[in-house]
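I opened my notebook beside the model today and jotted down what I looked up. Come along and check each entry as you go.

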Amino acid sequence: MKKFLTTLFASTFLFAASAASSADKEIAVIVKTANSDFWQNVKKGSTAAAGELKGYTASFQGAASDTDLAGQVALVENAVNRKVAAIVLAPSDPDALIPAMKKAWEAKIPVILIDSAASDAGKDYYQSFLATDNKKAGELCAQALIAKIGTTGKIAIMSYTAGSGSEIGRVGGFRKYIEAHSKLQVVGPFYSNSQMGTALNQTTDVLAANADLKGIFGANEPTAIGMGRALVQSGKAGKVVAIGFDGNGDLQGFIKDGTLEAIAVQSAYQMGHLGVKTAVEASQGKKVPKFLDTGVVMVTKKNIESTEAKNVLY
């Protein structure tokens, strides 16, 4: 019995030591939700980066939905409790994740934000923010729409999660540019909460209620897909000028068949890849940039086969 207990204790100790060692080299990548091609492309980038860094691994988790703030907070707190090397976080809300980020900071676990910002109250609790300049990207979408339909008439905004950092910058940039450079009347925004089916139904209703609609903007991947499908089903594809956001296979198809005029494509892969590399550097005590713009490419039928476009499409 004594020998058995000694062996059991030794085995338990070795397992605990192994787990601690494993967590010590783990970069926890926590996104808004794993249920989209965009976030899966972030996962590909993070996995590739971990493979390039000796001894490190990248775990990947997302909440049940963009609006499951409690679920995302729990994922961050669990990573802190596991004593991971660092956390790469795409916060679904600029304020709700700050207490969890503070816990990571108190545990001396670096936090690297990707995609969406935290509010100023959280600026001391993260080391770097890697994202598209969403305000600039929104402005580019507004420019593309005005270039096609002119400066008068009616347009609609199909948005995703009200109050998320990326949405505030992206839709805010779009609206401000429209207001400053045109007399276009804006309907919306309508919030899909990143649910494609919701966006489809909302867009169908908007098209039915606004027969004179000249343009429409779908502000993220599931919203733009739902918007595109509604345009096709209503017979308005190619008649209402549509600008989308992100670049999965469905959206590429809509560009090629003319349902969408353009898509603003972020480098989701780069967010994951650079996010993990930056997290490792921060965990090693190296100085990292407070903000890094991961870029955006406006993709149209004319340039969809270009190298620049292919580098960001997924």
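Entry 1: I started with Asp115, which is buried at a relative accessible area of 3% (buried means under 20%, exposed over 50%, partly exposed in between, with a 1.4 Å probe and protein chains only). I was working on a predicted model, where local features need pLDDT of at least 70, side-chain atom pairs count only at pLDDT 80 or more, and totals for chains, interfaces and linings use all residues. Residues are numbered from 1 along each chain as its sequence is written, and side-chain values use heavy atoms, with hydrogens and water left out.

I found Asp115 in the loop between strand S4 (111–114) and strand S5 (128–131). Helices (H or I, at least four residues) and strands (E, at least two) are DSSP runs, numbered from the N terminus. Setting aside neighbours within four places in sequence, I saw Asp115 in contact with residues including Lys32, Trp39, Arg170 and Met271 (contact means heavy atoms within 4.5 Å).

**Entry 2: a glycine in a helix.** Next I looked up Gly272, which lies in helix H10 (residues 268–283). Gly272 has 1% relative accessibility and so counts as buried. Not counting residues up to four places away in sequence, Gly272 touches Val42, Gly45 and Ser46. I also noted that Gly272 and Val29 are 243 residues apart in sequence, yet 8.2 Å apart in space, C-alpha to C-alpha.

**Entry 3: the sheet.** In what order do the six strands of the open sheet run? I read S7-S6-S8-S9-S10-S12, with mixed pairing (two strands pair if DSSP finds at least two bridges between them). Strand S7 (185–191) and strand S12 (296–299) are the edges, each pairing on one side only. Strand S6 (residues 154–159) and S7 run parallel, joined by five bridges.

**Entry 4: two packed helices.** Last, I took helix H3 (residues 69–81) and helix H4 (residues 98–106), which pack at an angle of about 5° with axes 9 Å apart. Axes are lines fitted to C-alpha atoms, for helices over the stretch in contact, and angles run from 0 to 180 degrees between N-to-C directions. H3 and H4 are therefore roughly parallel (angles under 35 degrees). I listed Val73, Val76, Glu77 and Val80 on H3, and Ala100, Lys103 and Ala104 on H4, as making the contact.

Terms used: Parallel < 35°, antiparallel > 145°, perpendicular 65-115°, else oblique.
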